[in-house]
Amino acid sequence: MPLLQADLIDEVVGQLQSGKEAEVYVVRTGDVYRCAKVYKEANQRTFKHRTQYTEGRQVRSSRKARAMDSNSRYGRQERESEWQNTEVDALFLLGGAGVQVPQAHTFYEGVLLLEIVTDADGDPAPRLNDVDLTPDQAREYHKFLMRQAVLMLCAGIIHGDLSEFNVLVGHKGLVIIDFPQAVQATANNAFGIFERDLKQLAAFFGQYAPEILATEYPKEIWKLYQNGKLKPDSPLTGRFQQSGKKADVNAVLSEIDDARDEAMERRGFRK
Ligand SMILES: Nc1ncnc2c1ncn2[C@@H]1O[C@H](COP(=O)(O)OP(=O)(O)OP(=O)(O)O)[C@@H](O)[C@H]1O
Ligand SMILES: [Mg+2]
């Protein structure tokens with residue numbers, strides 16, 4: 001692993017997950033444990049580097065890496081220019097905006113070093129998808145994540161793959177992960193992406209508290225955002241009524257059915 005070669009970590013302790021786009025390892029530096037997310041594409045690139053680069057180049061890279069790990073201006077510039085990466089940018093920006101994300105430490109040669117989110121025993125936290133919820137927990141988590149979505153939107157970012165698979169249940173609460181596909185709130189079809197994210201969460205929590213399926217947070221939040229009225233603490237109701245139109249009860253009910261079917265299918269149930 002490039003982090004080992006560059007002396008940024010002491011040991012790769014084990015592998016946490018191997019997903020479609022990245023592999024996640026637990027690594028140790030002194031007595032501090034962190035996650036190393038290795039992007040698949042970067043893996044290949046690093047392999048090329050290893051065979052092509054001379055010793056001298058590696059020393060230079062290593063010094064650069066140390067600069068990046070520190071909070072020096074050089075470090076920030078390196079992060080921003082040479083290894084610009086959506087996930088790193090999003091993590092730094094959102095962390096600063098009060099969104100619950102793991103703290104990012106270093107991005108070097110396509111490997112992202114970040115804080116491990118842990119459970120009460122100090123082990124890597126489970127994903128939302130791995131835990132069972134009471135209806136009240138589901139309501140509370142859903143409400144919390146709607147607020148997180150507001151904070152992200154206030155910072156100009158939409159997650160783009162928000163679901164029970166990318167939210168960890170840490171001992172201090174929920175933490176949102178996995179940002180490589182994050183989009184700017186000004187992007188084409190930003191609302192469509194935002195709505196899909198929030199509907200995915202509603203479908204998940206709706207299994208435990210079905211009334212969540214009928215909420216309309218995406219439209220409600222987006223309208224505030226578009227009108228320049230969205231604030232981190234804007235009150236939300238979960239309801240949205242287009243002016244002059246009566247609520248179409250049948251359409252809402254059939255949407256609830258669809259969302260429930262979808263959620264069941266994602267949990268491995270067949271209709
Ligand atoms: N900071 C972290 N703390 C604890 N566990 C983490 C952390 N980051 C990632 N993980 C674990 O690694 C898994 C994969 O991470 P992530 O979702 O960022 O990558 P991915 O490319 O989307 O992989 P996948 O395709 O498996 O979702 C997560 O589901 C989670 O279990
Ligand atoms: Mg993921």
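1. Let's start at the end of helix 8: the residue to look at is glycine 228, which follows this helix and has a positive phi, near 70°. Helices here are DSSP runs of H or I with at least four residues, and strands are E runs of at least two, numbered from the N terminus.

2. A word on the model before going on. This is a predicted model, in which local features need pLDDT of at least 70, side-chain atom pairs count only at pLDDT 80 or more, and totals for chains, interfaces and linings use all residues. Residues are numbered from 1 along each chain as its sequence is written, while chains are lettered from A and ligands numbered from 1 in the order in which they are written.

3. Back to helix 8 (residues 217–226): its buried residues (20 or more other C-beta atoms within 10 Å of their own, C-beta atoms being placed from the backbone) are Tyr217, Pro218 and Ile221. They lie on the same side of helix 8 because they cover an arc of only 95° around the axis, taken from the directions from the helix axis to the C-beta atoms.

4. On confidence, the mean pLDDT (the predictor's confidence in each residue, from 0 to 100) is 83, and 80% of the residues reach 70 or more. Over residues 45–61, though, the pLDDT is below 50, and residues 76–84 are also below 50.

5. Finally, ligand 1 is surrounded by 22 residues (C-beta atom, placed from the backbone, within 6 Å). The closest are Gln17, Gly19, Glu21, Ala22 and Asp178. Strands 1, 2, 3 and 5 each supply at least two residues of this shell.

Methods:
Buried ≥ 20, exposed ≤ 12 C-beta atoms within 10 Å, placed from the backbone. Contact = placed C-beta atoms within 7 Å.
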